[in-house]
Amino acid sequence: MSMQVPLRPAWLALAKHVRSVRHRHLRDLFAADPERFDQFSLRHGPLLLDYSKQRLVAETLNLLRQLAEQAGWRTWMERMRAGEAINHTEDRAVRHVDLRAGPAAPPEVKAVLERIRLFCDQIHDGRWRGFSGERITDVVNIGIGGSDLGPRMAVHALAAFEQPDIRVHFVANLDSADLASTLGRLNPRSTLFIVASKTFTTLETMANAHTARRWVLAAANDERAIARHFVAASTNLAATAEFGIAPENVFEFWDWVGGRFSLWSAIGLPIALAVGFRHFEQLLAGAHDIDEHFFNAPADGNLPLTMALIALWNTNFLDAHSHGVFPYSHSLALLPSHLQQLEMESNGKRANRDGLAVDYPTNPILWGEAGTNGQHSFFQLLHQGGALVASDFIAVGRSDFPLPGHHSGLLANCLAQSSALAFGQTTEEARAAGIAEHLLPFRRFPGNQPSTTLMLPELTPFTLGQLIALYEHKVFCLGVLWNLNSFDQWGVELGKQLAGRLAPCIRNEAASDTLDASTRGLIDYLRQQRI
Ligand code: F6P
C-alpha cells in the first residue's frame, strides 16, 4: 500500500510553507522580483508557458518537485510506457502515446493509420460513392464523450485547414433534436456515418446509429446500402458486425486507448476526413513532440509536470476549487469541453489507488469559454465576486483567419484580463484615475487571482497536437500526485444503470411505486404531459 498522500514529507512541508505565501499579493511578488517572468516561465520551442502570475515563490516549486519525486512520477511514467496495466481497476494498459509514435508506433497502429489514409483518399477524390452513385459530401460522426468531444474540438479548431467539398458534423445527444436537426439538412444519398464507440454499447450512440440506419434504409430500400454509408471506429468488432457494418469498414482500436485519450486513434477519423490525412498526421506529430518532451525533460523544465504541480498547489494548498480555461481563440472554443472530460473524468475521484477514501480535494471544477466572449458574461465574478478561481489563458500569436485590426485587439484583451485578475486596482489607483469618490468602493478590484498563460505561435495541426498532449500529461501527473487511477470512470456508471431502470417507468410499462418520492412525482408529471 502506498504512503497516504498528505503524509508525504513534501506535502507536510507544503502545508507549512503555504502559511508564508497565502497572504502575499501578486503585486508584492512582482515588485520584489524583477526577474519573476524569467524565473517562472518555460519554453518548449516556440511554446511559452508563463506561470509568473501564479501565487508561488521558488521554494514552492522546490517543494512541489520534491512531492513529485516522492510520488514517483518518473517510475509511473516508465510503467505507463512499458505497457503495464496501470489502469488496475479495469486491468488495462495506458498506451495512447503509442498511437502517435510515428515510425516507432506498433504495427497494428500503423496498419489502421494506413487504412484511414486510403479511406480518406477515396472520400476526398470522390471514388467512394453512396448507394445511388453520388459522391459523399457530408460525414456525420455519431459518438459521445471521448468518441465525440476530442474530434469535435479538433475539427472546429482546424477549420482553417478544412478540405474542400466535405462537411463533417457531430451528433452526440440522445435528445432526438441533435440527430433530427442534423439529418434535416442532409441527403441520405451523399451522407456517410461514422459510428464512433469504443465499446459499441453506449446507449446514446446506439440509439442515434440505429435511427440513422433507418433513415438511410428508408431512402435506399436495400440493406446493401448500409455498407456504402456506415463505417465504425471501435474496439468491439463483434458488435460492429452485428450492427451490419462490413468488417472492411471498421477502423479498429484497442482497449489500451482510454476514451478521453482516443482522438489519436481511429476515433480521429472525422478529423482526418475534415482536414486531410496529412494534417491528421501533423496533429499526431505535435502530440508526439510533447510526449518526447514530457518523457525526457528534467522536472524543472517539464511543462506538463509544471502545469500539474501548479494545479495541485492551487487546489490543495490555496483552496481554489474552480479552474477556468480561456482560449483567446475562437477556433479553440471547444477546448474547455474536451478538457472537462479529460480532467474531470480522469481525476474527479474519491477512492485512491488502494481503494481508500481520499481526504483531500482532487480535480477542481473545470469550465471555460473563448475570449473575448467570456469577458462579457462571467468575468465580473472573477474580478470582484470573491471566489478564488485559477485560470489558464491560451493565446495564439498569429490569427488563423486574419482580418485587419482584430488579432492585436484580441491579444490585448487576453493580456489585460490576466493582468487585471492578478494585480487588481486599489482605491488609491481608482482615485488617481479620476473615479468619483462615491464610486470608489465599486471600482476596487482585489486581484490576486492566479493564472497561467500558454502562448502558441500559431494554431496548426502540429501545435494543436502539442496543446492537447500537454493537458493529457498534466492529467497523468496529477493522477500520480493524488495517487489516483486516472484511467477508469466508475463514477458515470450509477446514473446509466438508473436511467435503464427508469425508462420503462416513464413509458408507463413498469410501476414506479418503489422509487423515491421525488423521482415518482417527476414521472407522474411526465406521464400527464404525454396524455
Ligand atoms: O460514460 C462515460 C464514457 O464511458 C466515456 O468514458 C466514454 O468516452 C464515453 O462514455 C463513450 O464511450 P464509447 O466510446 O464506448 O461509446
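Leaving aside its neighbours within four places in sequence, which residues is Ser418 in contact with? They are Lys53, Phe393, Ser451 and Thr453, where contact means heavy atoms within 4.5 Å. Before we look further, a word on the source: this is a predicted model, in which local features need pLDDT of at least 70 and side-chain atom pairs count only at pLDDT 80 or more, while totals for chains, interfaces and linings use all residues. Residues are numbered from 1 along each chain as its sequence is written, and side-chain values use heavy atoms, with hydrogens and water left out.

Ser418 belongs to helix H17 (residues 406-423); helices (H or I, at least four residues) and strands (E, at least two) are DSSP runs, numbered from the N terminus. With a relative accessible area of 1%, Ser418 is buried (buried is under 20% relative accessible area, exposed over 50%, partly exposed in between, using a 1.4 Å probe and protein chains only). Its side chain makes a polar contact of 3.2 Å with the side chain of Lys53. Such a contact is a pair of N or O atoms within 3.5 Å; within protein, one must be able to donate a hydrogen and the other to accept it, and residues adjacent in sequence count only if both atoms are side-chain atoms.

His323, in strand S8, counts as buried because its relative accessibility is 8%. Not counting residues up to four places away in sequence, His323 touches several residues, including Trp367 and Lys474.

**Aromatic rings**

Rings of Phe, Tyr and Trp (its six-membered ring) pair if their centres lie within 6.5 Å; planes under 30 degrees apart count as stacked, over 60 as edge-to-face and the rest as tilted. Phe193 and Trp215 are edge-to-face, because their planes stand at 90 degrees, with the ring centres 5.9 Å apart. This pair links distant parts of the chain, with Phe193 in strand S5 (residues 191-196) and Trp215 in helix H9 (residues 203-220), 22 residues apart. Trp367 and Phe378 are edge-to-face too, with planes at 80 degrees and ring centres 4.8 Å apart. One aromatic cluster is formed by Phe326, Tyr328, Trp367, Phe378, Phe379 and Phe393.

Helix H15 (residues 335-347) has 13 residues, which at 1.5 Å a residue should span 18 Å; its end C-alpha atoms are 18 Å apart, so the two agree. The expected span is 1.5 Å times one less than the number of residues. Among the buried residues of H15 are Leu339, Gln341 and Leu342. What covers the buried residues of H15 includes strand S8 (322-328), strand S9 (365-368) and helix H19 (461-481).

Of the 14 residues around the ligand, Gly146, Ser147, Ser197, Thr199 and Thr202 come nearest; a residue counts as near if one of its heavy atoms lies within 4 Å.

| Residue | Polar atom | Distance to a ligand oxygen atom |
|---|---|---|
| Lys198 | backbone | 2.7 Å |
| Thr202 | side chain | 2.5 Å |
| Gln341 | side chain | 3.1 Å |
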